Amino acid sequence: MRAVIVAIGVAFLVSLLGTPIAIKVFARLKAGQPIRSNLGLASNEGKKGTPTMGGVVFILATVIAYVAGHLALTTLPDAQIAQVEPTITALVLLGLMVFSGAVGFIDDFLKVRKRHSGGLNKRGKLAGQILVGAIFGVVALYFPSSMTDASGAATNTETVGSTTLSFIRDIPFLEIGKIGSVIVIIMVVMAATNGVNLTDGLDGLATGASVMVLAAYALIAFWQYRHWCADPNYPAGEYCYTVRDPLEIALIAGAAAGACVGFLWWNTSPARIFMGDTGALGLGGLIAGMAMSTRTILLLPILGGLFVIITMSVVIQIISFRTTGKRVFRMSPLQHHFELAGWSEVNIVVRFWIIAGIGVAIALGLFYSEFLAAVT
């Protein structure tokens, strides 16, 4: 637990203190977010020129905090169980965050360079998401753990990902094989990155919702660590979780949540910096990795319920307009519908945070109720 707390604290401080520096640097480089002024959105007023690409800060803060958390691990009495050495799990999770963020950075860079809201084209962004998902999906499925006990016998040969679909844990009768699993991982990466990106339309909205989801994954992963099948000290025959490196997952999830809280200090209304596609795609990639590594892929739509609702509003709007010529919402994504309906930006953000919190609460309730049902 100490390592997770250290990672959260370091990530928060690096992000909190580093974001003002990023604001000055990006402002000096004239890396302002292009704003379309013809949409009639009140939230767009006065935002032209606000620095973007702020996601660089919390992505970097998460990586730094991961290193700090590992330094703290070396002092733990159960360091051998925690695996002090960096793991494939960390490579996959941080890799998904960094490289998904890199796709977003290219998009942001092109927007700033062109002084236009259209950056990387849809095909280019889609290709980047597929490539990142495929690379780390393969790594997640083809590199098993090599943890051994004092006698040299293997105690954990799990991979980061699973060849079985999962809800609270792997569902035995939903075996899909490694190729099928890579395809599922790609789809989850695409869904999560686009979901967070579509939610990132108002000051602090995507950041706050992501904090809740990441904090939930930190709790889930730490619970799995405390009831981990690979822990030689865990009572034999007790109900446990078959995952790989759950403490690593908790540490990274906690670090990312802490980094987002530090960033939110400057990103809340009125935002002094935007996360941009750099941050939105980076967070989406990490959240997808969390669902994969904790074996809770089918729980993610509940945990990230707000992202699903906002994404579906776009899908519904497109289908309705193309089939009937009519729009269901005044504008999509959904948050802009309520803007045009007269809601203030702050009201929308807070109420959508409540919706995000409800989704997280339901998902955590389902996760823990499954454990309680099994042990009682």
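Let's start with M53, which counts as buried at 5% relative accessibility (buried means under 20% relative accessible area, exposed over 50%, and partly exposed in between, with a 1.4 Å probe and protein chains only). This is a predicted model, where local features need pLDDT of at least 70 and side-chain atom pairs count only at pLDDT 80 or more, while totals for chains, interfaces and linings use all residues. Residues are numbered from 1 along each chain as its sequence is written, and side-chain values use heavy atoms, with hydrogens and water left out.

**Backbone features in loops**

- M53 sits in the loop between α1 (2-28) and α2; helices (H or I, at least four residues) and strands (E, at least two) are DSSP runs, numbered from the N terminus.
- The phi angle of M53 is near 65°, which is a positive value in a residue other than glycine.
- R295 has a positive phi too, near 60°, and is also not a glycine.
- You will find R295 in the loop between α9 and α10 (300-303), and with 3% relative accessibility R295 counts as buried.
- Between S269 and P270 the peptide bond is cis, with omega near -5°, and P270 belongs to the loop between α8 and α9 (276-293).
- Another cis peptide bond links S332 to P333, with omega about 0°; P333 lies in the loop between α11 (305-324) and α12 (334-340).

**How α2 packs on α8**

- Two packed helices are described by the angle between their axes and the distance between the axes.
- Helix α2 (residues 55-73) packs with helix α8 (residues 246-267) at an angle of about 135°, and their axes are 8 Å apart; axes are lines fitted to C-alpha atoms, for helices over the stretch in contact, and angles run from 0 to 180 degrees between N-to-C directions.
- That angle makes α2 oblique to α8 (under 35 degrees counts as roughly parallel, over 145 as roughly antiparallel, 65 to 115 as roughly perpendicular, and the rest as oblique).
- Residues making the contact include F58, A61 and Y66 of α2, and L251, C260 and F263 of α8; contact means heavy atoms within 4.5 Å.
- Sorted by class, this contact of α2 with α8 has 13 nonpolar, three polar and one charged residues (Ala, Val, Leu, Ile, Met, Phe, Trp, Tyr, Cys and Pro count as nonpolar, Asp, Glu, Lys and Arg as charged, and the others, Gly among them, as polar).
- C260 is buried, with a relative accessible area of 0%.

**How α11 packs on α13**

- The axes of α11 and helix α13 (residues 345-375) come within 7 Å and cross at roughly 120°, so the two helices, α11 and α13, are oblique to each other.
- L306, I309 and I310 of α11 meet F352, I355 and A356 of α13.
- The contact of α11 with α13 has six nonpolar, no polar and no charged residues.

**The disulfide**

- C229 and C240 form a disulfide, with their sulfur atoms 2.0 Å apart; a disulfide here is a pair of cysteine sulfur atoms within 2.5 Å.
- The link of C229 and C240 is right-handed, with 95° about the S-S bond.
- Both C229 and C240 lie in the loop between α7 (205-226) and α8, so the pair ties together parts that are 11 residues apart in sequence.
- C229 counts as partly exposed at 35% relative accessibility, whereas C240 counts as buried at 19%.
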